Amino acid sequence: EVLHILIDLDVADHLYLSLNSNFELEDFKRIFYMEWAHRVLGRVIGVAFVGPLAYFAIRKKITPGLTKHFSALAVLLGLQGALGWFMVKSGLEDSIMTTPGAVPRVSHYRLAAHLGAAFVLYSAMFTTGHNIIRDWKFVKKGTWNGLEGFSFEKILRNPLVRSFRTKALALTGLVFLTAMSGTSHAPVLCL
């Protein structure tokens, strides 16, 4: 019912017909349901992360340090959802919706913030998972990548390894900056 009302409103607009004469109902449905699935998936991920976190934290099955770390990730996950809502809201302002000939678009700055938060969240979760696996291997085997005890720390202090790490972090920053700057040139329709 709501979908048909939205379509009726769009089709009634003369500008819509002149700009999007090849845009069919099935095209609109595909985008609409893809966006809907994106929002639902985000909510499912949030519940799937926060629910077990609360359960294990209350029962003290994870250390206080990990509880704080995972809680920070949960806050970042919530921020990601809030930024998504804030981004979509930018394309639904009354001035855009009531001005004849205006095309609703989301703010590219808000889009970049939403995408940037996703990259930061993914990186933080990946790093956390990697660190947990590394610590588990060390506890179970007493070695990490075949190295005994503190010899791994000695390798990390090597100037060549430190230089490589610095360059890898700089490259990661440049990739992030490139991805964020690319969103300012991409027009995004808000449906």
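Analyst: A salt bridge here is a side-chain nitrogen of Lys or Arg within 4 Å of a carboxyl oxygen of Asp or Glu. The model is predicted, so local features need pLDDT of at least 70, side-chain atom pairs count only at pLDDT 80 or more, and totals for chains, interfaces and linings use all residues. Residues are numbered from 1 along each chain as its sequence is written, and side-chain values use heavy atoms, with hydrogens and water left out.

Lys29 pairs with Glu26, and their closest N and O atoms are 3.8 Å apart. Both residues sit in helix H3 (residues 25–58), 3 residues apart, which means about one helical turn separates them. Helices are DSSP runs (H or I, at least four residues), numbered from the N terminus. Glu26 is exposed at 54% relative accessibility. Lys29 is partly exposed at 23%. The classes are buried under 20% relative accessible area, exposed over 50%, and partly exposed in between (1.4 Å probe, protein chains only).

Now the buried site. His114 belongs to helix H6 (residues 108–141). Its relative accessible area is 13%, so His114 is buried. A polar atom of the His114 side chain lies 3.3 Å from the backbone nitrogen of Gly84. Leaving out residues up to four places away in sequence, His114 touches His38, Gln80, Leu83, Gly84 and Met87 (contact: heavy atoms within 4.5 Å).

Last, the surface. Leu171 lies in helix H8 (residues 159–182). Leu171 is exposed, at 54% relative accessible area.

Note on methods. Helices (H or I, at least four residues) and strands (E, at least two) are DSSP runs, numbered from the N terminus. A polar contact is a pair of N or O atoms within 3.5 Å; within protein, one must be able to donate a hydrogen and the other to accept it, and residues adjacent in sequence count only if both atoms are side-chain atoms.
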